[in-house]
2 protein chains.
Amino acid sequence: MEKSLLPEELAAMSRVPRLNFFNTLPGIKPAVLIGTVDGRNRTNLAIFNSLVHIGSNPPYLGFIMRPLTVPRHTYHNILERGAFTINVVHRDIYPQAHQTSANYEWGTSEFTATGLTPQFTDRLVAPYVQECHIKIGMQFEEEHRIKANGTVLMIGRAVEILLPENAILPSGHINLEDWGTVGVAGLDAYYRLEPLERLPYARASAIAPDN
Amino acid sequence: MEKSLLPEELAAMSRVPRLNFFNTLPGIKPAVLIGTVDGRNRTNLAIFNSLVHIGSNPPYLGFIMRPLTVPRHTYHNILERGAFTINVVHRDIYPQAHQTSANYEWGTSEFTATGLTPQFTDRLVAPYVQECHIKIGMQFEEEHRIKANGTVLMIGRAVEILLPENAILPSGHINLEDWGTVGVAGLDAYYRLEPLERLPYARASAIAPDN
């Protein structure tokens, strides 16, 4: 049986079940680690599930920061240094990736705290995660403050991509399952990915599936 | 071996492989159908992989629209009617959901073209997808034009949620695998979800995995 849930019932739920509910409701999300560095070169690493594609040419990605009612190291570091990295979480490191969400003191690097290894290149000040297979170096581009609740859409432009030599298929695709990529539902439920099918480009002349 | 790919190499790829590459690179994405209706009550349905969590209380979700260089029915309908629905794509309907991305003529409803069934409630003018298990009715809240490339972040507030009676666990979670929820890599590679683990809330005092 289908039931209908209204906003007042959602508001009446206690905080943690409401968070779990509304975060898992709309489906699977990407899990990425965002690496940054502050003005004193102290590294920071944080897991995000709000990554969103903005464009391919030029290559832009965005993500949502929670409201700036408390200091957000990732946010301040990106504004100060103009750079961040996006590191795709995979099967062998998701518990460490998840652990970066703990509330460490300012000055404690999540790299040290979780045992993940910072990796630097000549092109970017921000640290990559050495253990990740797929890493994107980003230059900060713009931010948008969401009026509704004070969250912030952060947008960057890819300036370097690090990945295994054989990762790109002739079609341009990356097989996520080959690299152990995981997804996350809500804030804590991790999933591995089982390929169903790659569908052809949809054309208006195709026969509708019910015909 | 790890290799480094620079923006000029990305720009030199031909269009379709570049789209496939940069869209699959950052990992798995949610697959949802967005349902709208125009001023003459003509329904529209389109698949999106750019859904993003904005907040839980009040409940906000956002998604990215491509640049408005051509008419985008979803965009115009949301502005005209102030409402849209988000319908989570599952195993039994992903080919039909994918087919909504075909370039149908204005006036041809993707519901009719794909055989999916519009479903209406008293609270919302926009159509839900009857075949979906998890459906969120949204009231349009705000939009943000991305300066970098003209895409638009659209934000709405959940005003009604339709779901199976037994879908919400005591913890508030929804088990995506119970409802056949799929994910999508890029624009065309569909995946089913295999649960790995639900991890506890991360605390700074936890033992680091490498200790």
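Colleague: Through which surface do the copies, chain A and chain B, meet?

Modeller: Of the interface residues of chain B, 100% are also interface residues in chain A, so the copies meet through the same surface. This is a predicted model, in which local features need pLDDT of at least 70 and side-chain atom pairs count only at pLDDT 80 or more, while totals for chains, interfaces and linings use all residues. Residues are numbered from 1 along each chain as its sequence is written, and chains are lettered from A and ligands numbered from 1 in the order in which they are written.

Colleague: How many residues of each chain are in contact?

Modeller: Contact means that the C-beta atoms of two residues, placed from the backbone, lie within 7 Å. On that basis 102 residues of chain B are in contact with 102 residues of chain A. Strand E13 of chain B gives the most to its side, with 10 residues. The side of chain B that touches chain A divides into 60 nonpolar, 26 polar and 16 charged residues. Here Ala, Val, Leu, Ile, Met, Phe, Trp, Tyr, Cys and Pro count as nonpolar, Asp, Glu, Lys and Arg as charged, and the others, Gly among them, as polar.

Colleague: Which strands form the open sheet, and in what order?

Modeller: Strands (E, at least two residues) and helices (H or I, at least four) are DSSP runs numbered from the N terminus, and two strands pair if DSSP finds at least two bridges between them. The open sheet has 6 strands, in the order E2(A)-E12(A)-E13(A)-E13(B)-E12(B)-E2(B), with antiparallel pairing. Its edges are strand E2 (29–30) of chain A and strand E2 (29–30) of chain B, each of which pairs on one side only. The two E13 strands, residues 189–198 in chain A and 189–198 in chain B, pair in the antiparallel sense over 9 bridges. A:Glu194 stands opposite B:Arg192 in E13(B), and A:Tyr190 has B:Glu197 as its bridge partner there.

Colleague: Is strand E6 of chain B mostly covered or mostly uncovered?

Modeller: A residue is buried if 20 or more other C-beta atoms lie within 10 Å of its own, exposed if 12 or fewer, and partly exposed in between. Strand E6 (residues 59–65) of chain B is mostly covered, with 7 of its 7 residues buried. In a regular strand the side chains alternate between the two faces of the sheet. In E6(B), B:Pro59, B:Leu61, B:Phe63 and B:Met65 point one way and B:Tyr60, B:Gly62 and B:Ile64 the other, all buried.

Colleague: Which strands do bridges join to E6(B)?

Modeller: Strand E5 (residues 52–56) of chain B runs antiparallel to E6(B) and is joined to it by 4 bridges; the two form a hairpin with 2 residues between them. Strand E11 (residues 152–164) of chain B is also antiparallel to E6(B), joined by 6 bridges. B:Gly62 is the bridge partner of B:Val52, and in E11(B) B:Gly62 is partnered by B:Ile155.

Colleague: Which residues of helix H3 of chain A are buried?

Modeller: In H3 (residues 73–81) of chain A, they are A:His73, A:Asn77 and A:Ile78. They cover an arc of only 125 degrees around the axis, which puts them on the same side of H3(A); the arc is that of the directions from the helix axis to the C-beta atoms. Their cover includes strands E3 (32–37), E4 (43–48), E7 (83–88), E10 (135–145) and E11 (152–164) of chain A. After H3(A) comes A:Gly82, with a positive phi near 70 degrees.

Colleague: Why does A:Thr85 count as buried?

Modeller: A:Thr85 counts as buried because it has 29 C-beta neighbours inside 10 Å. The place of A:Thr85 is in strand E7 of chain A. Not counting residues up to four places away in sequence, A:Thr85 touches residues including A:Ile34, A:Leu124 and A:Lys135. A:Lys135 is 50 residues from A:Thr85 along the chain, and their C-alpha atoms are separated by 6.9 Å.
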